[in-house]
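Try each task before reading its solution.

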Amino acid sequence: MRPETYTLDLTDRTLPKCERSIAQQTRIALGITSLVVLSGCTGYGPTSSSVDPAGSPESAKSEILEAGAAMLQTNSPLEPMNVYLVGFHPMKDDPSHQMEAHHFCTQVNEDFAQCALFDGNTRDANLNGIEYIISKKLFENLPESEKQYWHPHNGEILSGQLVAPNLPLKADHELMKSKMNSYGKTWHTWDATQGKPGESLPLGEPKLAWSFNRIGEAKRGLVEDRDERMNINTDARRKARADLIPLAEPQRGVDALKGQFKGITHPIPGVVDRNAPK
């Protein structure tokens, strides 16, 4: 049986919250007013946190204060964070330390986005980092001493690993196209790794995260578990994004972790280090 489809009006403020999120993300990605999407908003499965933070259960007094704050205070800085991305990060100083990262982002302008990172997508998810995303234009203007902190994004996009769950595939494709040749600066503050017991508090120094730039760098099961849980096909996304390869320019940092992963790795077409020998 074919899935039911309907036209989603991106200007309709009466849409359910999940469909408004689709509308907002699609408007950012495509700049259009309507398109046909699958009905319903349950395309991806929930990803619950694996970490239960230390501390006593919330008291009735705290719950009342929280409810009052929700009624009387603002959450305006959070409202624009309606772009949801899921990808993976190895830590730059320890590439064997890898985690799934749920990004909730706001596109501040054409060249700059900022994201809060969580270890899941449910109400119990823990805030475990931040990421700033900048265009090639802004990256090129950074001081040389600063560029070492910014990882390249072409590998994440062209591998199919970075996805925008529940967006129509066309919108996901256009969103990824808009991020080609961009860079991210990511700090993880909590070892709250999805699927594994982690620290019950955010301890120690923040860790600078990097990107995967070759097939096989991610630990076995990391991507596959995400795909099964969230109904995502990374291989299909990679093939569908092949038309983005001609847009890929050599990036700085592609080879920063080369040779530091166990097992056999393979190049991703289009993903080239700017300083690689010609």
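**Exercise 1.** Which residues line the largest cavity?

Solution. The model is predicted. Start with the search of the whole structure, which finds 3 cavities of 30 Å³ or more. The largest holds about 100 Å³ of space. Now list its lining: Leu 85, His 89, His 103, Glu 131, Ile 133, His 151, His 153, Glu 156, Leu 162, Met 176, Lys 179 and Ser 182. Next, sort these residues by class: 4 are nonpolar, 5 polar and 3 charged. Finally, turn to the strands. E3 (83-91) and E6 (127-134) each supply at least two residues of this lining.

**Exercise 2.** Describe the second largest cavity and its lining.

Solution. Take the volume: about 80 Å³ of space lies in the second largest cavity. Its lining has 11 residues, and the closest to the cavity centre are Val 83, Leu 85, Cys 105, Gln 107 and Lys 179. Then assign elements. E3, strand E4 (94-109) and strand E5 (112-118) give two or more residues each. E4 provides the largest share, 3 residues. By class, the lining divides into 8 nonpolar, 2 polar and 1 charged.

**Exercise 3.** Is Pro 267 buried or exposed?

Solution. Locate the residue: Pro 267 is in strand E11 (residues 266-267). Apply the cut-off: exposed means over 50% relative accessible area. Pro 267 has 64% relative accessibility, so it counts as exposed.

Key: Residues are numbered from 1 along each chain as its sequence is written. This is a predicted model: local features need pLDDT of at least 70, side-chain atom pairs count only at pLDDT 80 or more; totals for chains, interfaces and linings use all residues. Side-chain values use heavy atoms; hydrogens and water are left out. Helices (H or I, at least four residues) and strands (E, at least two) are DSSP runs, numbered from the N terminus. Buried means under 20% relative accessible area, exposed over 50%, partly exposed in between (1.4 Å probe, protein chains only). On a 1 Å grid over the protein atoms alone, a cavity is a set of points where a 1.4 Å probe fits but cannot get out, and a pocket is an open set with protein on both sides within 12 Å along at least five of seven lines; lining residues have an atom within 4 Å of a point. Grid points are joined across faces, edges and corners, and a volume is the space filled by probe spheres set on the points. Ala, Val, Leu, Ile, Met, Phe, Trp, Tyr, Cys and Pro count as nonpolar, Asp, Glu, Lys and Arg as charged, and the others, Gly among them, as polar.
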